[in-house]
Every structure is written in C-alpha cells, then in structure tokens.
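Subject: Structure for your review

Dear colleague,

Please find below the structure that I am handing over to you. I would be grateful if you would look through it alongside the notes that come after it.

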Amino acid sequence: MDIEKAIELVEANLTKGRFEHTLRVKDTAIQLAEQYGAPIDLVTIAALFHDYAKDMDKNELRRLIISYALPDDLLEYHHELWHGPVAAKIVEDQLQITNEDVLNAIYYHTTGRANMSLVETIIFVADYIEPKRSFPGVEDVRKEAKQDLHNAARRALKNTIHHLLDKDATIHPNTFFAYNHLTKTIGVKEV
Ligand SMILES: [Fe+2]
Ligand SMILES: [Fe+2]
C-alpha cells in the first residue's frame, strides 16, 4: 500500500493524540529498521496500522474478535490487548494487506510472542520507546535499543510483566512466551 494513502486512512480512523503517537512509532521504527537492517517499507506499514483499532469501542472490538474467529481466550484478558489482533484482521480483510510479517507485527504488538521476527520486534520496541513515552524504565529500554534490539525487547517485556504484577493484573501467556524465548536465546545482559 502507498504510504500517503496509509497515512490518510490512519488519520481518519484515530484520534489526534493516537495519530500523533502512530507517527512517532513510525519514525522510531524506521530508525530501528535502518539500524538493524529490516525492510523499511514493511516496518512503515506495520507501524502506521499497529493501533488502527485502538480507538474502537470495547463492545465493537469484542464483536470483531468473535466475527473474525480470533482465539476467544483473548476475551478473558484485558481489553487493552484486543486492538492488535483486531487491527491485523481489519487491514487484511478491508485493506488487502497480505504480508505475514506486517500482519504479525500488528497482531502481536500488544502482547509480544515467542520467536518474534525482526519486523515484529522493531514494532514492539518502537511502540514502547517512542519519544513521548515516559513510564518508569523506558529510558533503559531506549538505551538498550541503541545497542541490542533483542535485549531492548526483553527489557520492555520484563518491565511490562513487573508493572502488571504490581497492579495484580492478569498477564497474557504470549507475554511470558516472548520473555522466556528472549531470555533463553539471548541470555541476560543488564545495562
Ligand atoms: Fe497498541
Ligand atoms: Fe501504539
């Protein structure tokens, strides 16, 4: 898909704040793609559409999870997680985006998963570190992203798991699978 057209569609579908976040994720993802040798066009499209369903109403998201036959255990987890899988289905179904790597990057950006591709990992990290993010620990992930992308992803997952545990929130299994996979494959390297 043409980038101009993609930007137009995304802008029409999102609030101003969310659209601006999306553009920052795109710019961050492009920087990471240049640094780590990922295809810029795929990363750009995945970043632009990653939050395409984020401003949808919870009930609409629930309806789409059911109608697209997404795994229904998703509904047992926080609705914050639903917009990734739903956006992946919408862009495939309505916008004819077929690239698996792009679709997976959109689908899994809310939870991560084991064995993420380079494009998936870039979107996951870019969403976490875009310049306006200010939560505790983000600076360490930003620093790590300059050195080692997979360490940055592991650190982002670790922070997320800590944060959810502190809130007594449930944690989607894919978040643990992503953390475990990276921990086993890259080992532990603290900043
Ligand atoms: Fe998101
Ligand atoms: Fe996002």
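Predicted model: local features only at pLDDT ≥ 70, side-chain atom pairs only at ≥ 80, totals over all residues.

The chain as a whole

The chain contains 10 helices and 0 strands. Its C-alpha trace spans about 40 × 35 × 30 Å along the principal axes. For 191 residues, a compact globule would have a radius of gyration near 16 Å, and the chain agrees with this because its own value is 16 Å. Of the 191 residues, 48% are buried. Among contacts with a separation of 6 or more, 63% are accounted for by residues 24 or more positions apart. The accessible surface of the chain amounts to about 9,500 Å², and carbon and sulfur atoms contribute 50% of that surface.

The iron site

Which residues hold the iron ion (ligand 2)? Its protein donors are His21 and His50, each through NE2, together with Asp51 and Asp127, each through OD. These donors lie 2.2 to 2.3 Å from the ion. Along the chain, they follow the spacing H-x28-H-D-x75-D. The angles among the 4 donor atoms run from 83 to 175 degrees, and the site is irregular.

Helix α7 covers residues 118-129, and Glu120 is found in it. Is Glu120 buried or exposed? Glu120 has a relative accessible area of 3%, and it counts as buried because that value is under 20%. Setting aside neighbours within four places in sequence, Glu120 is in contact with Asp101, Asn104, Ala105, Tyr108 and Arg113.

Ile129 also has its place in helix α7. Its relative accessibility is 8%, which is under 20%, so Ile129 is likewise buried. Where residues up to four places away in sequence are not counted, Ile129 touches Thr28, Val138, Val141, Arg142 and Ala145. The pair Ile129 and Thr28 are 101 residues apart in sequence, yet their C-alpha atoms are 7.9 Å apart in space.

I hope that these notes are of use when you examine the structure.

Yours sincerely

Technical notes: Residues numbered from 1 in each chain as written. Chains lettered and ligands numbered in written order. Heavy atoms only, no water. Donors = N, O, S within 2.8 Å, 3.2 Å for Na, K, Ca; no water. Tetrahedral: all angles 85-135°; square planar, octahedral: opposite > 155°, others 65-115°. Helix = DSSP H or I, 4+ residues; strand = E, 2+ residues; numbered from the N terminus. Buried < 20%, exposed > 50% of the residue type's maximum accessible area, 1.4 Å probe, protein only. Contact = heavy atoms within 4.5 Å. Rg over C-alpha atoms; globule rule 2.2 N^0.38 Å. Areas by Shrake-Rupley, 256 points an atom, 1.4 Å probe, with all protein chains shown as cover.
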